[in-house]
Amino acid sequence: MSRIGKLPVSIPKGVEIKVSDKNLITVKGPKGTLEQQVDPDIKLNIDNGTITLERPTEQKRHKSMHGLYRSLINNMVKGVSEGFTITQELVGVGYKANATGQKLELSLGYSHNIIFVMPPEIKVETVTERGRNPIINLTSADKQLVGQIAAKIRSLRKPEPYKGKGVLYKGEIVKRKAGKAAAS
């Protein structure tokens with residue numbers, strides 16, 4: 001039995017779950033609505049405020065689907081009730097971030113500013129304090145989407161090991177390297 005797949009997913013108050021006849025699960029809560037198509041072999045049972053998943057056989061494919069869909073459903077329930085937040089930090093002289101509506105304008109040391117348009121499901125805000133690195137906060141109910149957008153922003157200027165400049169996740173540590181001067 002899958003260790004992750006056999007765990008029940010508890011449904012908090014204010015979260016409503018519907019399963020259609022084609023195994024399309026819809027999770028609705030205070031932070032939004034998410035949908036996920038579940039493999040037809042996996043059976044969903046909703047009772048007493050919990051969701052449990054069952055697989056038909058011990059095949060490798062069924063075992064992997066069992067844990068996968070349990071994790072996806074758990075992330076959907078957590079997302080519509082609490083939401084997910086990723087915080088990024090811009091480290092570098094002159095690096096700036098400014099959010100207006102769904103547009104994020106980044107100044108990352110290139111000759112031009114980068115304008116990044118956010119999907120409507122993501123809320124973006126920037127914090128700029130004097131003497132501190134600019135911070136970008138991404139919030140959404142969809143864990144996969146917020147992670148993908150954060151990775152895309154990070155790819156615009158990855159942290160480099162010599163000066164430590166770039167777009168970092170909050171709390172990330174960049175392993176520093178010695179430059180040419182260390183060779184002599």
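Reader: How much space lies in the largest pocket?

Author: This is a predicted model. In it, the largest pocket holds about 220 Å³ of space.

Reader: Which residues are closest to the centre of that pocket?

Author: Lys31, Glu121, Ser140, Ala141 and Asp142 are the closest to the centre, out of 14 residues that line the largest pocket.

Reader: And which strand gives the most to the lining?

Author: Strand β4 does, with three residues. At least two residues each come from β4 (32–37), β7 (84–91) and β12 (135–140).

Reader: How do the lining residues divide into nonpolar, polar and charged?

Author: For the largest pocket, three are nonpolar, six polar and five charged.

Reader: OK, what about the second largest pocket, how much space lies there?

Author: About 160 Å³. Its lining includes Leu34, Leu72, Met76 and Gln144. At least two lining residues each come from β4, α1 (60–81) and α2 (143–155). The lining of this second pocket has four nonpolar, three polar and three charged residues.

Reader: Changing topic. How do strands β8 and β9 run, parallel or antiparallel?

Author: Strands β8 (residues 96–100) and β9 (residues 103–107) run antiparallel, joined by five bridges. Threonine 100 stands opposite lysine 103 of β9. The hairpin has two residues between its strands, and glycine 101 takes a positive phi there, near 65 degrees.

Reader: Now salt bridges. How many are in the whole structure?

Author: A search finds six. One of them pairs aspartate 39 with arginine 61, where the closest N and O atoms are 3.8 Å apart. Aspartate 39 is in the loop between β4 and β5 (43–47) and arginine 61 is in helix α1, so this pair ties together parts 22 residues apart in sequence.

Reader: Is aspartate 39 buried or exposed, and why?

Author: Aspartate 39 is buried because its relative accessible area is 13%, and the cut-off for buried is under 20%. Arginine 61 is partly exposed, at 40%.

Reader: Which residue does glutamate 172 meet in a salt bridge?

Author: Glutamate 172 meets arginine 154, at 2.7 Å from N to O. This pair links distant parts of the chain, 18 residues apart: glutamate 172 is in the segment after β13 (166–169), and arginine 154 is in helix α2.

Reader: Last one: what does lysine 18 pair with?

Author: Lysine 18 forms a salt bridge with glutamate 16, with the closest N and O atoms 3.6 Å apart. Lysine 18 counts as exposed at 52% relative accessibility, while glutamate 16 counts as partly exposed at 41%.

Notes:
Residues numbered from 1 in each chain as written. Predicted model: local features only at pLDDT ≥ 70, side-chain atom pairs only at ≥ 80, totals over all residues. Heavy atoms only, no water. 1 Å grid on protein atoms, 1.4 Å probe; cavity = no way out; pocket = protein on both sides within 12 Å on 5 of 7 lines; lining within 4 Å. Points joined across faces, edges and corners; volume = space filled by probe spheres on them. Helix = DSSP H or I, 4+ residues; strand = E, 2+ residues; numbered from the N terminus. Nonpolar A, V, L, I, M, F, W, Y, C, P; charged D, E, K, R; others polar. Pairing = 2+ DSSP bridges. Salt bridge = Lys/Arg side-chain N within 4 Å of Asp/Glu carboxyl O. Buried < 20%, exposed > 50% of the residue type's maximum accessible area, 1.4 Å probe, protein only.
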